[in-house]
Structures are given as C-alpha cells and as structure tokens.
Amino acid sequence: MNSAKQLKIVYSSAPVDATSVYMHWVLGQDDPSHFAITYAQHFYELARKFNAKSWLISSRDKKGLIQDNDFRVEFRSLKHQSRSSIAYFAGQLWSGLRLIFSVILFKADILIVTEDRTFWFLLGILPLFGIKVIPTIHCTLWPKYKRPTTVQGIIQKLNSWFFRYGCVEICVVSEDIKDQIIKITKGRSRPIRTFVPAYRREFLDDIKSRSCDNESETFQVLFAGRVEGSKGVYLLLEVAKKFIATHPNCVFNICGTGSQVEKLKAAALEAGIEKQFVLHGHCDRNKLRKMYEMSHVIAVPTTKDFVEGFNKVVAEGVIMGKPIVTSPVCPALSVVRDAAVEVAPDNVDDYLNAILRLATDKEFYQQKQKNALALREQFFSYSRSWEAQVEDVVRKICRSNLDLSKYGRKTAHRPLLNADPKPNSMPKEKTAKTLVGLDKVL
C-alpha cells in the first residue's frame with residue numbers, strides 16, 4: 001500500500017457528467033439533473049470521509065480535466081463500444097491498459113471500477129502492485145435469457161479468475177448479477193455485496209398522488225428511458241395498439257431520446273394512434289416528475305437482447321407509489337416484486353393483460369399501489385446505498401493494510417439518508433477556492 005500519509009483512490013465510473021455533479025457537490029447540493037444521488041457524488045463523499053487524494057475517470061464523451069486540490073476529474077471516451085467487434089475488443093484492451101498504467105503511476109491504494117472501462121480479467125494484475133480493486137457492477141455480465149457466445153464464454157472464464165482472486169470484495173446492484181458471478185466462479189468468488197440507488201426524501205416533496213378510482217379519467221401509462229428497440233419501445237407500441245382498441249380513453253407517454261424516436265413516431269402515425277402514443281422527447285427533471293405524477297402505471301418492457309442494470313425508473317415509480325409492469329429481464333424486479341406485475345419477457349399479450357388488469361381491477365391496483373408505498377423506504381436508506389457498501393470495504397482494507405490514523409482525519413459516519421434530508425455542506429473556504437479553480441477550466 002501507499003507509504004505516503006494520504007490515501008489515494010481512483011474511481012472509473014459509469015457515464016455521468018462528473019463536472020456538473022462536482023460543481024453542485026462543493027456547494028452542498030445534489031445535481032438537479034438527476035433524481036437519484038449519482039454514484040459520482042457518492043464517490044466524492046467517500047473520498048472526503050477518508051481525506052483521500054482521489055481521481056474520478058468518467059466515460060461520458062466529454063473532453064477535459066479538472067484538478068482541484070485533492071480531487072481530479074477526467075473524461076475518457078469509450079466510443080469503441082459502439083463499433084465493430086474488432087474495434088470493440090481493441091478498444092477494451094487499450095482502455096484497460098491505459099487505466100492500469102494510470103492507476104500505477106498515480107500510486108493508488110484502491111481502484112473502484114465499473115464494468116464499462118475494460119475486461120475485468122485485465123485488472124487482475126493490479127494486486128501485484130499492492131493496489132486493491134473493488135468492482136462495482138451495474139449491469140448483468142451477459143443477457144439473462146441468452147447463452148453467452150463462445151467468445152463471451154472465454155471472457156467470462158477469464159473474468160472468473162479475477163472475481164475469485166483479483167479483487168477485495170464485489171459490489172453489485174442486483175441479485176441477477178450476483179447469481180451470474182456465483183455461476184462463473186462456481187460459488188468461489190470474493191464476498192459479494194448488493195446496493196440499490198439512493199434518493200433524498202425531498203423527492204416526495206409536494207408529490208400529487210394519483211389513484212385509479214375514476215373510471216372516466218384517462219388511463220396513463222409511462223415509459224421513461226432511452227428510445228431503443230432493446231428497451232422494448234416497439235413491444236410497447238404493439239401493446240398500445242391492442243389496449244387502445246378496447247380502452248380508447250388512455251395515453252401511452254414515451255419520455256426519452258434515442259435512435260428510434262423518429263421511426264417510432266412514424267409507426268404510431270401509421271397505426272393511427274399518434275394522439276395516444278405520445279413521444280415527448282427529452283424531459284427535464286421537472287417535466288419528468290410531472291409525468292410520473294400523472295401516470296397510473298410505469299411500463300419497463302426491456303427485451304431479452306439488452307444487458308439490463310438496475311433500471312432507476314423502477315425505483316422512481318415505486319417511490320411515487322405507482323405499480324410497475326415488467327419482466328425478469330429487469331433485475332430491479334427482485335426488490336420491488338410486490339409492487340409489480342411480473343410478465344414473461346418480450347410477450348406482448350402478457351404486458352397487455354397486466355396493464356388491462358391494473359386499469360380495470362381497482363382492488364388489484366390499490367394493493368399494488370399500497371405495496372409500492374411500503375417498498376420505497378429502502379431507496380432512502382444510507383445503509384443500502386453504493387456509498388455505504390463501498391465505504392465499508394474501504395474501511396476493511398484500511399484496517400487490514402494501513403494505519404488509518406495516518407490517512408487524515410477520521411470523519412463521522414454520515415447519517416442515514418432517511419434521517420438526513422439535506423446534503424452535507426462543505427466549508428465555505430473550500431467552496432470558494434474550488435469554484436475559483438473550476439472557473440479556470442470550464
């Protein structure tokens with residue numbers, strides 16, 4: 001481990017505008033473009049608790065570098081992931097090697113890393129340099145309902161070695177991911193922890209609840225997310241056609257952007273349902289919040305082709321007290337099952353029947369709504385958050401390998417989210433100094 005008196009941590013994160021998150025964080029605020037507390041913000045909090053010298057590397061496609069005292073934020077594009085197979089594999093290897101060299105040259109003690117940056121097995125070399133690796137995995141290793149290809153099988157076999165010997169502990173966002181790790185390691189992986197997205201209780205401020213009691217009221221179904229075929233938008237269009245034919249007093253709202261927006265609009269127009277299958281495009285936080293409020297049901301029709309993570313729309317729907325309609329393709333189902341109607345993957349009739357039942361069976365709808373309200377507390381709990389789980393692993397590393405007293409102040413454990421409605425503020429002198437530094441680079 002690092003012989004200096006300051007802990008050094010690198011975090012290779014999922015795509016996020018880490019600059020915006022950082023600017024709001026130094027002011028004691030959450031980034032207003034997100035409902036959930038971002039994992040980048042969790043990392044900044046974690047680094048401050050350990051008074052660590054930290055480096056966040058984001059995969060958002062934005063050039064630049066911010067250096068602010070002990071905090072460094074860098075953007076490294078992962079454009080190769082949308083290219084041909086050869087370019088993809090070459091890009092993953094180069095991206096991984098670049099990360100490894102960066103971490104070694106930084107003389108990091110700990111690397112916290114998501115699945116986006118490279119193949120897991122490449123990181124197995126880092127423990128030889130005394131660097132502890134904590135993988136935090138947000139998507140399944142392969143599509144749940146598809147067998148891995150030959151190449152994927154080879155990669156997962158190599159990855160299994162890393163999950164057994166190359167990391168300290170593993171943090172995952174769903175039981176599906178945990179099950180896949182257990183499968184490829186034959187039950188011999190490093191300890192696995194689960195976390196869920198974390199939200200402030202202010203998410204509920206001035207929320208207007210909506211029931212399904214008024215038969216004359218327009219029944220509203222909401223889809224929020226990327227408008228892509230793998231996210232089930234065409235499946236939902238087929239559901240809407242059949243639903244509207246029998247229950248015309250309804251609207252299917254599609255919120256989000258993606259490559260299929262124009263094609264989906266054209267398909268709705270051709271079907272003659274463009275007034276009831278409405279594409280709203282990108283919705284800012286306030287508009288999306290209103291869309292949640294006015295909706296009766298949240299549909300998450302992700303298809304078998306997609307490597308799904310914990311779809312935050314599921315959590316947000318439950319927090320808002322809305323029944324969810326989804327399939328086991330969506331790993332979030334495991335923690336909200338009582339508030340959801342579970343359907344078979346990619347099955348139009350199953351989705352149709354589930355939404356029909358919620359629209360016509362008041363008792364069934366009310367029970368699912370009641371269950372949603374009971375389940376939402378988990379998303380306000382600090383102890384179930386990414387930050388809490390990773391913090392515990394870092395403390396274990398420090399106790400086992402370091403004299404933590406050398407590594408700056410021992411900060412108090414942050415209160416539970418459900419007892420801490422306002423984010424912690426930073427000292428005024430730190431805030432002022434930081435903003436001056438940011439002005440120079442933005």
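Predicted model: local features only at pLDDT ≥ 70, side-chain atom pairs only at ≥ 80, totals over all residues.
## Basis

Residues count from 1 along each chain as its sequence is written. Local features need pLDDT of at least 70, side-chain atom pairs count only at pLDDT 80 or more, totals for chains, interfaces and linings use all residues, and side-chain values use heavy atoms, without hydrogens and water.

## Overall make-up

The protein has 14 helices and 14 strands. These are DSSP runs, numbered from the N terminus: helices are H or I with at least four residues, strands E with at least two. Of the 442 residues, 55% are buried (under 20% relative accessible area; exposed is over 50%, partly exposed in between; 1.4 Å probe, protein chains only).

Take contacts between residues at least 6 apart in sequence: 72% join residues at least 24 apart. Contact means heavy atoms within 4.5 Å.

## The open sheet

An open sheet holds 8 strands, in the order β3-β4-β2-β1-β5-β6-β7-β8. Its pairing is mixed; two strands pair if DSSP finds at least two bridges between them. β3 (65-68) and β8 (192-194) are the edges; each has a single partner strand, so one side of each lacks a neighbour in the sheet.

β1 (residues 8-12) and β2 (residues 53-58) run parallel, joined by 5 bridges. Y11 has L56 in β2 as its bridge partner.

## Cysteines

The whole structure contains 0 disulfides, a disulfide being a pair of cysteine sulfur atoms within 2.5 Å. C139 is partly exposed, at 25% relative accessible area. C330 is buried, at 2%.
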